[in-house]
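Subject: Structure for you to look at

Hi,

Here is the structure I promised to pass on. Please have a look at it first, and then read my notes below.

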Amino acid sequence: MLLGHIRHLRGVAKLSLVITRPLLQSQPFADHDFRTKMSHSSLGPIDLAGMRKPYKSDREAFLESDLVSGNPLQQFSDWMRMAASTDGIGEANAMTLATSTRDGFPSARVVLLKGFDESGFKFYSNYESRKGRELSENPRACLVFYWEILSRSVRIQGTVEQLSKDDSTEYFHSRPRGSQIGACISHQSTPIENRQVLIDRENHLKEKYKDTESVIPKPDYWGGYQVVPESIEFWQGQSTRIHDRILFRKSRIGEKVDGKLLHQGEGDWVYERLSP
């Protein structure tokens, strides 16, 4: 029996990994007789309640006067540009995409933003995946960006529509050939026997399209989506937990902009400060 100990960097937690078969006799993970288990009795306490880090100071508050524009797309562009140029943020365009079934059962995953403009926020995926099926029956979604180093987050809610076939095809062929093949071989979210199934499919297409001048056709089940925003919230963390939240949303029929609780943005956008 092999007993390995993994110690938390701060010495807070100690995990014990118990492998129930001798290491020299172990089989590939595909062999279901190979079992790894973690003994709950050996888990030391993890002080989650004590995990706390400072955010911004009061002097760095995000005020209405700090908005670069009354257009939330311009504000988003400003924050995204800063995130993309900040050391330590590897993928500033990584975002959580939350979808839901027709009856309200939610799911979420991280995808990459691949473009945005006044019409919406764009990403690409498999139309037959779980997210694709949920968006087909309930075309609404929420996007969340979190840039820890900047203590900033953006939440976008709106309706979702598929991009045109031409748009999807153009983007598909802008990707590295390996990524194009990856999209062709994976029927996303469906069970497979093992990873080798994908490797065999990959090798088959690599051979089929070994001529680098050949065009790899975009699968019909793969393409782009666009989230058309109805609200965009900008959040900045404060060490006191009196966080700053400024919400842009589309104006409602009959509501009045008073300049106190509700402010006029560009076009039909209005914005308001929310309690943290």
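Rings of Phe, Tyr and Trp (its six-membered ring) count as a pair if their centres lie within 6.5 Å. With that in mind, ring pairs join Phe62, Trp79, Phe234, Phe248 and Tyr271 into a cluster. Please keep in mind that this is a predicted model.

First, the overall picture. The protein chain has five helices and 13 strands. Of its 276 residues, 37% are buried. Among the contacts in the chain with a separation of 6 or more, 60% are between residues 24 or more positions apart.

Back to the rings. Searching the whole structure gives 16 aromatic pairs. One of them is formed by Phe234 and Phe248, which are arranged edge-to-face, with 6.0 Å centre to centre and 85° between the planes. Phe234 belongs to strand E10 (residues 222–236) and Phe248 to strand E11 (residues 244–250), so this pair ties together parts that are 14 residues apart in sequence. Both Phe234 and Phe248 are buried. Phe248 also pairs with Tyr271, and this pair is tilted, at 5.1 Å centre to centre and 35° between the planes. Here distant parts of the chain are linked, since Tyr271 sits in strand E13 (residues 269–273), 23 residues from Phe248 in strand E11. Tyr271 is buried, as is Phe248.

Next, the helices. How do the axes of H4 and H5 cross? The axes of helix H4 (residues 177–185) and helix H5 (residues 195–208) come within 10 Å, and the crossing angle is roughly 125°. That angle makes H4 oblique to H5, and the crossing is right-handed. On the H4 side, Ile181, Cys184 and Ile185 take part in the contact, meeting Leu198, Arg201, Glu202, Leu205 and Lys206 of H5. By type, the residues of this contact are five nonpolar, three charged and no polar.

Which residues of H4 are buried? They are Gln180, Ile181, Ala183, Cys184 and Ile185. These buried residues pack against helix H3 (165–172), H5 and E10.

Trp222 is another residue I would point you to. Trp222 is found in strand E10 and, with a relative accessibility of 6%, counts as buried. Leaving aside residues up to four places away in sequence, Trp222 touches Tyr124, Ser125, Asn126, Tyr127, Ser168, Tyr171, Phe172, Arg175 and Ala183. Ala183 is one of the buried residues of H4. The C-alpha atom of Trp222 is 9.9 Å from that of Gln188, although the two residues are 34 apart along the chain.

Finally, a couple of backbone details. Most residues other than glycine have a negative phi. Ser189, however, has a positive phi near 75° and is not a glycine. Ser189 lies in the loop between H4 and H5 and is partly exposed, with a relative accessible area of 46%. Arg241 also has a positive phi, about 70°, and is not a glycine either. Arg241 is in the loop between E10 and E11, and its relative accessibility of 31% makes it partly exposed.

Best wishes

Note on methods: Residues numbered from 1 in each chain as written. Predicted model: local features only at pLDDT ≥ 70, side-chain atom pairs only at ≥ 80, totals over all residues. Heavy atoms only, no water. Axes fitted to C-alpha atoms, helices over the stretch in contact; angles between N-to-C directions. Helix = DSSP H or I, 4+ residues; strand = E, 2+ residues; numbered from the N terminus. Parallel < 35°, antiparallel > 145°, perpendicular 65-115°, else oblique. Left-handed = near helix turned anticlockwise from the far one by under 90°. Contact = heavy atoms within 4.5 Å. Nonpolar A, V, L, I, M, F, W, Y, C, P; charged D, E, K, R; others polar. Phe/Tyr/Trp six-rings, centres within 6.5 Å; stacked < 30°, edge-to-face > 60°. Buried < 20%, exposed > 50% of the residue type's maximum accessible area, 1.4 Å probe, protein only.
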